[in-house]
Amino acid sequence: MPYRKRVPEFQAVIMAGYGNGLIPLSDEKNNMPKALLPIVNQPMISYPLAWLESSGVSDVIVVSLASGSKKLGHYLDRVYEGQLHISMEIVDDNCGTAQALARIKDKIKTDFIVISCDLLTSLPPHQFLDMHRSEDPTVSALFFEPSKSEGGPSGSSKETEVTQFVGIDATNSQLVYLNNSDEMDTEEFSVRVSLLTKHPVMNISRLLQDGHLYIFKRWVIDLINEVSIKRSRASLKEHVLPLLVKSQHQRVLADREGVTKAAEASLTANPSTQALALSLSTTQAPEIEDRSENAQWKSPVKCKAFVVAKDVHCGRANSIANYFELNRYYTKITDKDRNPGGQGQVGADSLVGDDTKLGDRTSVKKSTLGSHVTIGKNVKIVNSIVMDHVVLEDNVKLDGCIVCSGAKICEKSSLKDCEVGGGFRVEKETQARNERLVDFQEQ
Amino acid sequence: MPPKEKVESTEQVLQAVILADSFDERFQPITLETARCLLPLCNVPLISYTFEFLAVAGVQEVFVFCCSHSDKVKAFVKKYEKSSNMKINTIVSQELMSVGDAMRELDAKQLIDTDFILVTGDVVSNMKLDQVLEEHRARRQADKSAIMTMVLKKASPQHRSRSVGDGSLFVLDQGSKECLHYQPVKAFKSTREDRRMTMNMEIFDKHPEIQLRNDLIDCQVDICSVEVPALFTENFDYQDIRADFVHGILTSDLLGKTIHFHEVSDVYAARVRSTQMYDAVSKDIISRWTFPMVPDSNLQVGDCYEYRRGLVYKEKSVVLSRTCVVEEKVVIGANTQIAERAVLSNCVIGKNCIIGANVKIDNAYIWDNVVIKDNCVVQHSIIANDAVLEQGVTINKGCLISFKVTVGANTTVPAYSRLTALAEGDEDDSDAELISDPAVVGATGRGRSFTEAEGSDDEDNEEDPKNKQVNMLAFDMSELKLAAKQQEDSASDFESEASDLEEDLISPEEELDREVAATLDRAFQDGHDVDIAALELNTLRMATFSNFKEMRKRVIPGVLKHIDPVAKPGSGKTAKEILSRWGPLVGKMIHDEEDQIDGAHVLHRVCATLYRDVLQAQKVFAPALRYFYDEDILEEDAILEWYHSEKSQQGTDIEKKLREVAVPMIQYLEQSDSEESDDEDEEEDEDSE
């Protein structure tokens, strides 16, 4: 058999951002970059990596910001044990997602998957990929309905999240409308009637969230490049995707923003297999080619939305509340055989990492403890995440807290709904509630 | 017929209300002489279909509201009741002008004491209502505020039984089956409001997931609770059940009522709202979509149709000649005679008609007792009872030939004509003599062409006439598109994406540009007062959050534009004439000294750009400056300030040349200025002395 190089169907790009929503956890100096924050004692990025591996994709580019690249690089080089062929690209710290992609555009050779390092889902990859394969859209995007929070730290930073209005054609799951509430009239919601003529049954939801998992056609990278030249800090979610969605209906916009040009260039370079097959077919249906101006304009863009079924778990660890929620969810479903026995009591829905010692009369409920955690006597941990190498002295009470690695909480402290930064030392007998305990930093 | 066992003392009597009047004039002139609900549809009066539909739904008592031609409706109902086991009451009121009036009347008479079915007298449907009734009742038990359930049929947006001009958009919550928003859709969307579906953002607070629907046929079959008529009484301005009532209830915070929907998909439901729908529904009946309501089920007593191959329905007593051709989809009523070589296709022919030799009838609806003599051609039209077409008449598409019209031999009736044999003027006035119009009906004809305005104080005056047109019989969309293009009308064609888009891309500044220009044009054309124009501009300024500076930038060129530098005096277009008329308007945009300086700059710049060459510009600029100075709109300090400012000294050649024009004036001003100050000095000197 002659050797033939296998042409991969998709390339994947993992976007490892800074994690603005996860400050102070994602602070590189004291703790670790967002991609490495543990969820059930596994770095966050290992979940999308595993998802990609099971999808059959082999080439993965991890795009990291310069600030977190060192630790992430170390993890990917030395610690990661999967089968994926991973290369890492480092981009400037204040670079939008579209810009980051534009930087690596020469490395994109095929249709590509873009996934965020904070996406955790139990959705079997083939469901999403198969939709893309069968429908052959310009972009497929994943949307999910976030599960209801069971309470916990909402993150002391209560950012009002921007809600998105997502409109999907109910008959063919085409993504036809996308708008952020901050760009909209607060009084009125309005849609063009002509859009409704094309898509007579349209579901509009305010609950759906963008999963930041996309599959793009190869030519979109050229468009991304153009968008990122036009505006600084261009983002996929806020600029590229809405542009594509609008280009499905607005000819002038598509022409002006170069969408049409990019699409046509790719079409002439490599015509779609389907068109090729049709042209060779002897039973081809006679196609009436109407090239006149009045002929209905056919957009070169087609956007598809995949909405994750309600019983499939999907979540993004892009805020402290969501991070907490995901941790709790994954703790529930993880195997807990390895939990140590001993004097302390570990609840059924908790997880304790390796080499973690529990002192006498210590109880752990609904919590995740990392490795090498030292815990004193009579410590109560409820609803909390404790990362590696944390020291909890005697009589400490934690409720709804996240304690970053290397932190030390001295005796008799009682914290509720707090975040403790990496390496921070909480003095003894501290009483705190809803606080963010971190080293003062000069920004 | 409703099953007998349903009539039980324990169960409430199911009531229905039929609004027999349509409250519009789409079938005129035919409806001048008979009621809309009695028009024959496939040779059966329209309202029979509605009765049948209600009977199948198990309705036991029906109230028929009628207004025009109530005696005819009453007589028909009386006859019909005998063969039906529903109790049918006719309520006549001459004052009814709208659905709202009928509902108020219903409330006033207190005839209804339970949930009822509200339909119009032109519904053709074969759906069963038990499920929706059940749903409605269950919902009412759980929640008293659910006052109405609309029955909506799923179809595609371009479905033929979906009337083009009467589309509607619904916003629904599929979970709670609630209707959240309603908006009618016009065929021609001339304004921005027409082109967009706009709803209140608050809807999302309660219903985060909604569905926008543009594929529903709304045949106005509603299950209403007793509150509905009462609400009409409370809100005495409600006229239409959809545009006013549903919209009003859904947008009102105070009422707190909800309206639900029930979606059906596998049944037939349509309303004969227009001649175009008359055509569509007739075809549906012939094609048996409305089964069991088809001609051969003989809804009318005495009918005896048989169903033949090729969707042909024929009474036994029909006389077909040997060589006539009856093609597909034809209904022929009793005792009709068809002569040799006549060709019939896609048509309905009533009772006792005589069709001559060589006649071609296609797509037409010919009612009872019509005589069509030899060699006539009838296309896509409606011909009412007792009409006569003499030999060789051609009826083009889209015509309505009313009762007893005679069209003389060899006449060609143009497309979309409406002919009546009623005398002009009041329809009740029997003394008036009919004056036939030989140009329309031929020398021996009887009848005249009917014009819309007569006998109707038209309330939809403001409606786009094109939106009326689309409802017409045999209306061809492509024709209209062409016409619209020729007119270059602002009302863009059907789905014009580009124009939709433009409106999104327009920046507020461009918008202001356009609005100011439009306001000024109006003022110039209609010869408004300066005060009125100023008021309009001020309103515009406030509406767009703009300031006087922006307004000046637009108003000054707007005024100067009308000056024709080469015009002769007396033409009304010279600088002097225009300025003396409209100059004060500029004055209204200038208040303090800063404004004046800015105004001078704008004037300078505008003159430099507005005219073709320097000479023309100078011809306008000099008198304009002079005028503004004389009228104290620009005071001398401001003009001097402008002249000496660096900004005015720079700029293009034209601008520089224009500045030179001002030199004599500046000199004059400076002189007078110094004189004044000299005077003052002198005075002071005097004082000091």
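Let me begin with the core: the largest nonpolar core holds 269 residues, and A:I14, A:V403, B:F65, B:I117 and B:I366 are the ones that touch the most other members. By a nonpolar core I mean a set of buried Ala, Val, Leu, Ile, Met, Phe, Trp, Tyr and Cys residues joined through C-beta atoms within 7 Å, and a residue is buried if 20 or more other C-beta atoms lie within 10 Å of its own, exposed if 12 or fewer and partly exposed in between, with C-beta atoms placed from the backbone. Apart from this core lies another, of 41 residues, with B:L579, B:V602, B:A608 and B:W642 among them.

Please keep in mind that this is a predicted model, in which local features need pLDDT of at least 70 and side-chain atom pairs count only at pLDDT 80 or more, while totals for chains, interfaces and linings use all residues. Residues are numbered from 1 along each chain as its sequence is written, and chains are lettered from A and ligands numbered from 1 in the order in which they are written.

Just after α1(B), B:G58 takes a positive phi of about 90°. Helices (H or I, at least four residues) and strands (E, at least two) are DSSP runs, numbered from the N terminus.

Turning to the domains, whose bounds come from an automatic or database domain assignment, chain B is given domain 1 (13-271), domain 2 (304-449) and domain 3 (506-675). The centres of domain 1 of chain B and domain 2 of chain B, taken over C-alpha atoms, are separated by 34 Å, and their contact takes seven residues from domain 1 of chain B and 13 residues from domain 2 of chain B.

Chain A is assigned domain 1 (10-182 + 197-268 + 299-322) and domain 2 (336-437), with C-alpha centres that lie 34 Å apart. Here the contact draws 12 residues from domain 1 of chain A and 19 residues from domain 2 of chain A.

Strand β12 of chain A, residues 201-205, is joined to β12(B) by five bridges, and the two run antiparallel; strands pair if DSSP finds at least two bridges between them. Within this pairing, A:I204 has B:I210 as its bridge partner.

Some backbone details deserve a look. The peptide bond from B:Q28 to B:P29 is cis, with omega near 10°, and B:P29 lies in the loop between β1 (15-19) and β2 (40-41) of chain B. B:K329, although not a glycine, has a positive phi of about 55°, and with 19 other C-beta atoms within 10 Å it is partly exposed.

Finally, a word on confidence, where pLDDT is the predictor's confidence in each residue, from 0 to 100. Chain A has a mean pLDDT of 82, and 86% of its residues reach 70 or more. Over residues 152-160 of chain A the pLDDT is below 50, and this stretch has 20 contacts in the model beyond near neighbours in sequence, whereas residues 288-295 of chain A, with pLDDT below 50, have one such contact. Where pLDDT is low, the predicted coordinates should not be read in detail.

How values were computed. Two residues are in contact if their C-beta atoms, placed from the backbone, lie within 7 Å.
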